[in-house]
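Please look at the sequence and the structure shown below before reading on.

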Amino acid sequence: MVERRKRFLVFAYHGLSHADDKYVTTPEMFRRHIAFLLDAGCSFVSMDMLLQWRAGQAELPKKAVALHFDDARDDIIAHAAPLLTSLGIPSTIFVVSAWSAGRLRPQDKDAYSDFLTWRQLRELHETGLFAIGAHGETHCSLKRAGFRQKWREIAGSKREIEDAVGCTVRHLAAPYNRSNLLCRIMARAAGLASLSVGRSTYNGRSFNPYAVKRYMVTRDWDESSLRERMARTWPTARLGEQDSPPIS
Ligand SMILES: [Zn+2]
């Protein structure tokens, strides 16, 4: 197997609705994305599976793709959960603990739907397909937060979500994809296994679990947007199933 096959992609979604917002995908387009990725031979994988692969404990399937849902918006229930559960596709929902607890609303709240409640998150988690991750307590920039607030946003949100949902929170996504070395150190110290940070590219075999790269899916993404990212990640894929012979 050529080395470049050993790569994976992370696509991060936010809302699934018809709201006029850059980070909202229509439910119809979301279904088209999933159908396209399946048709293109992608294998959907969990974050835990990717970490097992990194540790040499699992094989990476062909064209591995992980799905993220940032902010835990409640339109996941109507527009993602039925499709993903019927197809057995795993994903990770990154929860802002104060939003899901209902004690804080985002400032630009018109752009947002409501958020998944603890009960809804429990039900999704019980399907075995939705991992529940942390996305901070208040959705502030982890990079800009002071030392004590950083710890509260990282370790505090993990603990609050775990207590409320009854699960282990192993993954963190940085709001606005902003983080720094101290955030990585704190994430590790808090017992988190990964931190996702953006960067709009693929991850390779020796990826840093505390700097997982991902693409943020925006409203203008269609099938060709996915095809483009796949072609950059797996350049031989277009040649078919056979790896191209090495050039001597
Ligand atoms: Zn967010």
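The structure is a predicted model, and the mean pLDDT of the protein is 92, with 91% of its residues reaching 70 or more. Over residues 239–248, however, the pLDDT is below 50, and this stretch has five contacts in the model beyond near neighbours in sequence. Where pLDDT is low, the predicted coordinates should not be read in detail.

The protein is built with nine helices and 10 strands. Its C-alpha atoms fill a box of roughly 60 × 40 × 30 Å, taken along the principal axes. A compact globule of 248 residues would have a radius of gyration near 18 Å, and the protein, with 18 Å, therefore agrees with this expectation.

How do helix 7 and helix 8 pack, and at what angle? Their axes lie 9 Å apart and form an angle of about 45°, and the two helices are therefore oblique to each other. In this arrangement, helix 7 passes helix 8 in a right-handed crossing. The residues that meet are listed here for each helix.

| Helix | Residues of the helix | Residues in the contact |
|---|---|---|
| Helix 7 | residues 147–165 | Lys150, Trp151, Ile154 and Ala155 |
| Helix 8 | residues 181–189 | Leu182, Cys183, Met186 and Ala187 |

Sorted by class, the contact of helix 7 with helix 8 has seven nonpolar residues, one charged residue and no polar ones. Lys counts as charged, and Lys150 belongs to the helix 7 side of this contact.

Definitions and conventions
Residues numbered from 1 in each chain as written. Predicted model: local features only at pLDDT ≥ 70, side-chain atom pairs only at ≥ 80, totals over all residues. Axes fitted to C-alpha atoms, helices over the stretch in contact; angles between N-to-C directions. Helix = DSSP H or I, 4+ residues; strand = E, 2+ residues; numbered from the N terminus. Parallel < 35°, antiparallel > 145°, perpendicular 65-115°, else oblique. Left-handed = near helix turned anticlockwise from the far one by under 90°. Contact = placed C-beta atoms within 7 Å. pLDDT = per-residue confidence, 0-100. Rg over C-alpha atoms; globule rule 2.2 N^0.38 Å.
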